[in-house]
Amino acid sequence: MAAPSDPTRKARTGVAGLDDILAGGLTRDRVFLLEGSPGTGKTTVALRFLLEGAAAGEPGLYITLSETEGELREAAAAHDWTLSDAITVFELVPPESLLDAAHQQSLLYSADLELGETTRLLFEAIERTKPTRIVLDSLSEIRLLAQDSLRYRRQILALKHYFARHGATVLLLDDLTTDTMDKTVHSIAHGVIRLEMLAPAYGAERRRLRVLKYRGQAYRGGYHDFTIATGGLRVFPRLIAAEHRTDFTGEPLASGIAELDRLLGGGMERGSSTLILGPAGTGKSLLAVQFATAAMARGERAALFVFDEELGLLFARTKALGFDLEAQRDRGSLIIEQVDAAELSPGEFTHRVRALVDAHQIRTVAIDSLNGYQAAMPEEQLLVLHLHELLLYLNRQGATTFLTIAQHGLIGDMQAPIDVTYLADTVVLLRYFEALGRVRRAISVIKKRTGAHEDTIREYRITDQGISLGPPLEAFQGVLRGVPVYVGQDEPLLRDDPA
């Protein structure tokens, strides 16, 4: 058994991400409240808390008023955990007592006697096992035994003082099935953590947590997404870009297409973000792939997160255009992930992007598209805040980011489902236009914070050799509206290759 940990340090919960939110864990020898409706993961957190203590040589006690020892051990086994001898499970109301007729006679077994007997058994269990970590599951039963808020508050205060004398870190669980408006324990506990579960109209349930209170301790505020899987909870702390910064040189990066680099004023600067905007089919994804391929040609790694297209189709489509993404992935130059917006929360997506950038030193990130990202987070205001932190974080890591977004419509006035143009450092606009009996494509740079760029509009074409750009469309007016007027005399458009 490991030596007992330093009592001056915090008691880690062992839950990935939660200790980061709590600035290291729970303050020792204090009482904390973990509350949430049934199914939010309270028991899983409590078991992980005791297992973390057992691994550090700290004996634990799980006092249960609502579940049997067998049910708790089954819950642990579902996560591939084994409750060691250092963890004692004490059923405060053994199942056989529930069948005792004497205990079911309210005249002979009053609430006062029940509460007093419950408290006595609880104290005896603590005296017998002398635990360093205690879990009490759950307060709903204590609240029912107390019957009124005054007796309940007095009982919780008595428990708090008793725990303090015995030097234990205590986690009280509350399933919020009785009086959800009763905030008695909030004022008594040293810290309060709330777990929540949301059910969207479509897709898997979403879970999130928030620290409501932590006396004398700074913590990471706000909501944080989490999931429950085999092995316990995985918490994804809310990204705060201001906490992360890496020194890098912001040199211009070429795209591999000379005309495109001239349009962009020499290329894209390292550590900047680019929004590629246009209707469906204009080549937004391909343009992002072009920059990712150029990065890999420089010996860098790139990451591509695909929301809208199945990977097999993407590999086949881009290979026909001269980009062998599957081979780049197999060589390790390209990290490519299919993202299911119905199953993945925005917090988990941000965590995955950050983890890959940190682990693989990725310097080019492409997200295709923000329409899919918005499906994962319908609230426009929150999506903008998420994107702001993610882009700022990537920029500070020296990563060049490319975002695509599909506009509604094909020709004429078009609108994007969400306006994030002000977040990006560069905005590239793609358009269809009609000329000489054919549908053609045009590209222009609307904005670039990091340097000068051409204010021209160029035609471009997608062939089996990739993307090719023509000279500026100086002989046309109204290209961005989709129906241009020819005002020149020379041949202004890209010519077809001779047969």
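1. Rings of Phe, Tyr and Trp (for Trp, its six-membered ring) are taken as a pair if their centres lie within 6.5 Å, with planes under 30 degrees apart counted as stacked, over 60 as edge-to-face and the rest as tilted. On that basis, ring pairs link F305, F307, F349 and Y373 into a cluster, and the structure holds 8 aromatic pairs.

2. On provenance, this is a predicted model, in which local features need pLDDT of at least 70 and side-chain atom pairs count only at pLDDT 80 or more, while totals for chains, interfaces and linings use all residues. Residues are numbered from 1 along each chain as its sequence is written, and side-chain values use heavy atoms, with hydrogens and water left out.

3. A nonpolar core is here a set of buried Ala, Val, Leu, Ile, Met, Phe, Trp, Tyr and Cys residues joined through side-chain atoms within 4.5 Å; buried means under 20% relative accessible area, exposed over 50%, and partly exposed in between, with a 1.4 Å probe and protein chains only. The largest such core has 37 residues, and those with the most contacts inside it are L275, F305, F349, L370, L394 and V420. Two or more residues each come from β12 (273–278), β13 (302–306), α13 (346–360), β15 (364–368), α14 (370–376), α15 (380–396), β16 (400–406) and β17 (426–435), and α15 gives the most, with 7 residues. Helices (H or I, at least four residues) and strands (E, at least two) are DSSP runs, numbered from the N terminus. A second, separate core of 34 residues includes F32, F49, L50 and L51.

4. With contact meaning heavy atoms within 4.5 Å, L370 touches L275, L387, L403, T404, I405 and V420, leaving aside residues up to four places away in sequence.

5. Two strands pair if DSSP finds at least two bridges between them. Strand β19 (residues 457–463) is joined to β20 by 5 bridges and the two run antiparallel, with R458 standing opposite P472 in β20.

6. The 15 residues of α13 reach 21 Å from first C-alpha to last, close to the 21 Å expected at 1.5 Å a residue, the expected span being 1.5 Å times one less than the number of residues. Within α13, P346, G347, E348, F349, T350, V353, L356 and V357 are buried, and just after this helix Q361 takes a positive phi of about 55°.

7. Strand β4 (133–137) deserves a separate point: 5 of its 5 residues are buried, so β4 is largely enclosed by the rest of the structure. Both faces are covered, with R133, V135 and D137 buried on one side and I134 and L136 on the other. Strand β2 (residues 60–64) pairs with β4 in the parallel sense over 5 bridges, I63 standing opposite L136; β4 is likewise joined to β5 by 5 bridges, running parallel, with R133 opposite T169.

8. The peptide bond from D137 to S138 is cis, with omega near 0°, and S138 lies in the loop between β4 and α6 (139–146). A cis peptide bond also joins D368 and S369, with omega about 10°, and S369 lies in the loop between β15 and α14. K130, which is not a glycine, has a positive phi of about 45°; this residue is in the loop between α5 (111–129) and β4 and, at 60% relative accessibility, counts as exposed.

9. Two further aromatic pairs can be described. F123 and Y162 are stacked, at 4.0 Å centre to centre and 25° between the planes; F123 lies in helix α5 and Y162 in helix α7 (residues 149–165), so the pair ties together parts that are 39 residues apart in sequence. The ring centres of F291 and F402 are 4.5 Å apart with planes at 20°, so this pair is stacked, and it links F291 in helix α10 (residues 284–297) to F402 in strand β16, 111 residues apart.
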